[in-house]
Amino acid sequence: MPPPTDTEACQAALGSQGEFIVDVHTHHVIPSGAWTQNAPETVNLVLSMLPAGCTDSPQLDCVDRATYLHDVFLASDTTVAMLTDVPNSGATNAPIPFPEAVKTQQITAGLTAGGAGRLLVENIIAPNVGPLAATLDEMSAAAETGEVAAFKVYTAWSPSGQGFSLEDPTVGLPTVQHAHDLGIKVFVAHKGLPLVNFDPVNNHPEDMVAVSRQFPDMNFVIYHAAWDPSRVEGPYDPSAAIGIDSLLAALDRHQVPPDDNVWVDVATVWRQLLTQPDQAAHALGKLLKRVGQQRVLWGTDAIWFGSPQPQIAAMRAFQITPEFQDLYQYPPLTDSVKAGIFGLNAAQLFGIDPTAVRCGLTADPLTSNIDETAMLARDGAILSPWTPNGPTTRRQVLHWLASATTQWAPM
Ligand SMILES: [Zn+2]
C-alpha cells in the first residue's frame, strides 16, 4: 500500500478514472424483515423500483445486501456510499432497521483495508409518528453506536398521510435540537419526489431552509433538491410551487447565500433527466449557481434500478453548453466542478479524508477485484473491462462474503 502522502501512487492504484466518488444516497432491503408483513405499501414501492431483468424469487432478493455490495462496490466506481432507507417509523416497518444498516457497514468494513471506511449509515426517524419522546430516545440510542452519519426525516410522510414541519415547536424543532445536542450535525430530509402517503404541504423545502438559519453550526441536506417529476425544469421561476425552483425561492426568501449550510443531492433527479439534456442542464446549472458549487452532492438511489455505474458514466460525459452558460449564467462543468459533485463536496460534509481512503483502498479486496478485472481485460481473458472478475450472481456474492472474513480480514 503506498503511503497516504504519495497522492500520485494512490491515484494510480485506484484503477478507475481517478475520481473520488461518494454516493450519499443508496438503498437495499432485508427481504426477510418484519416490514414485508407490516408495510405492504412499502413493499409495493420497492417492487416498483427493481432493476430491469430481476428474476430472483422472492423478487426482493434483487435488492438485498449481497446484491448491494456487488452493484455498488464491484460493479461501479463508487468509493464511499451512504446507506439510507425509505419512509418508516422504526424496526417493525423499516426495510433496513438501523441495526441491520450497521451490520451492512460492518460487513463492508471487514472487506476493506484498515482505515478505509466505505459505508456510512443514516438513521431514519419519524418524529410525527407516536410519542415524540420515543423518537428522541431512539435517536440517542442510535447515536450511542457512534455510527450515525446523519439523521433523516420524511417530513411529508406518516402511515396516515399526515406530515409535519421542521419548524413545528412540538415536533420538528425539538428533533433538530436533539440531533444537534447529540453532536450529529448533518440533518437530511427528503423533499419533492412524492411517494406513497405523501402530504404535499409538508413536502415543500421551506421549513428545512428556515430551520437552517436557526442552527448555523449544522448542515441540512435536501434529498432530491425538491425536484418533482411532474414539473419540467427550465430557467428559474421564483413563483413555482414545486420542483427545484421552490427550493431556490426558499433560499432567496431566507437569504441563504450560496455554499452555506444547505446542501442538495441529485438522486433520481439525475437518473431521470440524464436522457433530457436541456432539463438536466437547467437542474444542475440552477443548483450549482444558487445552492453552490460546493453544496451539490452525488446521489443515485442505487440499487433501485441496479448499479449506479451508468449514472456515473453519464455524468462524466455531460456538459452544460456555452449557450446555456451565457443565457442563464450557469457554471461550466469543469473537471474540478465534477470532482466536487462526485465526491469532494461530500468528503467535506462528512469529514472524509479522500487521500487516506484512496490509499486504504489499494489493499482493499473490494477494489483489488476491480484491478484484476482490468488486468484480465488487457490480457484478453475477458471481453469487456466492465465484466466483473468476481462474484456476479447473488449466489456467488453470498459465497464470497462467507469466505471473505477468513481470507481477507488480516490485510
Ligand atoms: Zn432514496
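Mentor: Two strands pair if DSSP finds at least two bridges between them. Keep that in mind for this predicted model: Val153 stands opposite Ala189 in β5.

Trainee: What makes β4 and β5 a pair?

Mentor: Three bridges join β4 (residues 148-153) to β5, and the two strands run parallel. The requirement is at least two bridges, so β4 and β5 pair. Phe151 has Phe187 as its bridge partner in β5.

Trainee: How many bridges join β5 to β6, and what do they make of the two strands?

Mentor: Five bridges join them, again in parallel, so they too meet the requirement of at least two. Val186 stands opposite Asn219 in β6 (residues 219-223). Here the chain crosses through helix α8 (residues 206-214), and the crossover is right-handed.

Trainee: Why are β1 and β8 called edge strands?

Mentor: The open sheet has eight strands in the order β1-β2-β3-β4-β5-β6-β7-β8, with parallel pairing. β1 (22-26) and β8 (296-297) each pair on one side only.

Trainee: Why is β5 called largely enclosed?

Mentor: Five of its five residues, 186-190, are buried, so the rest of the structure largely encloses the strand. Val186, Val188 and His190 point one way and Phe187 and Ala189 the other, and all are buried.

Trainee: What makes Gly285 buried?

Mentor: It has 24 other C-beta atoms within 10 Å, and the cut-off is 20 or more, so Gly285 counts as buried. Gly285 lies in helix α11. Beyond its neighbours within four places in sequence, Gly285 is in contact with Ile320, Phe324, Tyr328 and Tyr330.

Trainee: What does α11 give to the largest nonpolar core?

Mentor: That core has 103 residues, and Phe151, Ile222, Ala225, Leu287 and Trp298 have the most contacts inside it. Helix α11 (residues 277-291) gives the most to it, with seven residues. Leu287 touches Ala225, Ile244, Val264 and Val296, residues up to four places away in sequence not being counted.

Trainee: How do you know how the span of α6 compares with what is expected?

Mentor: α6 (residues 132-144) has 13 residues and reaches 19 Å from its first C-alpha to its last, close to the 18 Å expected at 1.5 Å a residue.

Trainee: Which residues of α6 are buried, and how are they placed around the axis?

Mentor: Thr135, Met139 and Ala142 are the buried ones. They cover an arc of only 70° around the axis, so they sit on the same side of α6. As background, an α-helix has 3.6 residues a turn, so residues three or four places apart point the same way. The buried residues of α6 pack against α5 (98-110), β3 (119-125), β4 and α7.

Trainee: Which exposed residues does the face of α6 turned away from its buried side carry?

Mentor: Ala133, Asp137, Ser140, Ala141 and Glu144. Gly146 follows α6, and its phi is positive, near 75°.

Definitions and conventions:
Residues numbered from 1 in each chain as written. Predicted model: local features only at pLDDT ≥ 70, side-chain atom pairs only at ≥ 80, totals over all residues. Buried ≥ 20, exposed ≤ 12 C-beta atoms within 10 Å, placed from the backbone. Helix = DSSP H or I, 4+ residues; strand = E, 2+ residues; numbered from the N terminus. Right-handed = clockwise from strand over helix to strand, strands pointing away. Core = buried A, V, L, I, M, F, W, Y, C linked by C-beta atoms within 7 Å. Contact = placed C-beta atoms within 7 Å. Expected span 1.5 Å × (residues − 1). Arc of directions from axis to C-beta.
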